[in-house]
Amino acid sequence: MAIRNLLTTLLLLFTSFSMVLGHEVGNSGHYPVIVSTWPFVEAVRAAWRAIDSGFSAMDAVVEGCSACEELRCDGTVGPGGSPDENGETTLDALVMNGATMEVGAVAAMRYVKDGIKAARLVMQHTGHTLLVGEQASAFAISMGLPGPTNLSSSESVQKWSKWKENRCQPNFWKNIVPVDSCGPYHPKDIAELGKGTCSSANLMAAVESRSSHIGLHNHDTISMAVIDKEGHIAVGTSTNGATYKIPGRVGDGPIAGSSSYADDEVGACGATGDGDIMMRFLPCYQVVESMRLGMEPTLAAQDAIKRIARKFPDFVGAVFAINKNGLHAGACHGWTFQYSVRSPEMEDVEVFTVFP
């Protein structure tokens, strides 16, 4: 009888120990975790400080992307970079809450330097998803953000001046005349446009012409995903868009499902690259839905990129994928991609390299 009681006690102790051990491993092994496009190490550190202090995934996303805006990461995030054809810098940004599926975004926003904070204000204080242009600026200022502010810098103005001296080449116009000038532009004659426009050679030429002005330092984005200590997921994106874009252009940055996407039940995704092409495929929505159907992050990321490359073999872009358990991966096409990660088992941010 005594032996039986001893065995019963030992079994209860073992069972209790296993349950506690399993709980600890489940929490500390998977999250919190932060993933960001590119080696934007300081942005990830800022997000980690927020999450490590007990703030939410959304708070951490805003802190991380705000840090990148202030640092003007690669000249492609925040004010002072990527001038449009008029020499002006405008901002696109998005936040998404993976618990509620709420989204807030701003696009082509002028005169306000805090893109990611403006996007969060849209989510917090309106029933809308996206505000654009000067109306987005007016909203952001009315909600307390600083402005109006000139978002150009001496560097962006100098870059724009050199581009003007080079007859505004390269640019994003097509099927126009004159070709080698700064405009004003006019459509080519309709009859001329009709000559051979359906040939695969002409279609490929149109795609290849884009690659000359799409690259790391003129067409980039910070896209960040955070899983907090409670397992909730949020994503954010901030960019000043494509250099020398046509004024009014909106890329993939403020488009949910394109630049980023999150769902607590599945995971998250972030994207960077040629947004005009990528937004036609909603690659981050595709990644998350593929993971929902059982794909591992590596395969989900590769599949989303391959879908674009089949139609646009010369496009440049990349995605990262992270599932709700913290397993992450990346895929790219047309360039070598790097993404940054911070998780509990890491002493500092680590940068992962993905080859096409």
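**Ser238 and its surroundings**

Let me start with Ser238, which touches Glu69, Val77, Asp92, Ala93, Thr221 and Ile222, leaving out residues up to four places away in sequence. Contact here means heavy atoms within 4.5 Å. Before going on, note that this is a predicted model, in which local features need pLDDT of at least 70 and side-chain atom pairs count only at pLDDT 80 or more, while totals for chains, interfaces and linings use all residues. Residues are numbered from 1 along each chain as its sequence is written, and side-chain values use heavy atoms, with hydrogens and water left out.

Where is Ser238 placed? Ser238 sits in strand β8, residues 233-239. Helices (H or I, at least four residues) and strands (E, at least two) are DSSP runs, numbered from the N terminus. Ser238 counts as buried because its relative accessibility is 2%; buried means under 20% relative accessible area, exposed over 50%, and partly exposed in between, with a 1.4 Å probe and protein chains only. The side chains of Ser238 and Glu69 are joined by a polar contact of 2.7 Å. A polar contact is a pair of N or O atoms within 3.5 Å; within protein, one must be able to donate a hydrogen and the other to accept it, and residues adjacent in sequence count only if both atoms are side-chain atoms.

Next, Thr221. UniProt, in an unreviewed entry, places the feature "active site" at Thr221. UniProt positions are given in the numbering used here, feature names are shortened, and annotations may be inferred rather than shown by experiment. Thr221 lies in the loop between α8 (200-210) and β7 (222-227). Is Thr221 buried or exposed? Thr221 is buried, because its relative accessible area is 4%. Not counting residues up to four places away in sequence, Thr221 touches several residues, including Thr37, Trp38, Thr76, Ser238 and Thr272.

Two packed helices are described by the angle between their axes and the distance between the axes. The axes of helix α3 (residues 57-71) and helix α4 (residues 115-125) come within 8 Å and cross at roughly 150°. That makes α3 roughly antiparallel to α4. The contact is made by Met58, Asp59, Val62, Cys65, Ser66 and Glu69 of α3, and by Gly115, Ile116, Lys117, Arg120 and Met123 of α4. By class, that contact has five nonpolar, two polar and four charged residues. Axes are lines fitted to C-alpha atoms, for helices over the stretch in contact, and angles run from 0 to 180 degrees between N-to-C directions. Under 35 degrees counts as roughly parallel, over 145 as roughly antiparallel, 65 to 115 as roughly perpendicular and the rest as oblique. Ala, Val, Leu, Ile, Met, Phe, Trp, Tyr, Cys and Pro count as nonpolar, Asp, Glu, Lys and Arg as charged, and the others, Gly among them, as polar.

Now some backbone details. A cis peptide bond joins Gly147 and Pro148, with omega about 0°. The bond from Gln169 to Pro170 is also cis, with omega near -5°. Ala108, in strand β3, has a positive phi near 50° although Ala108 is not a glycine.

Last, the whole chain. The protein chain has 11 helices and 14 strands, and 51% of its 356 residues count as buried.
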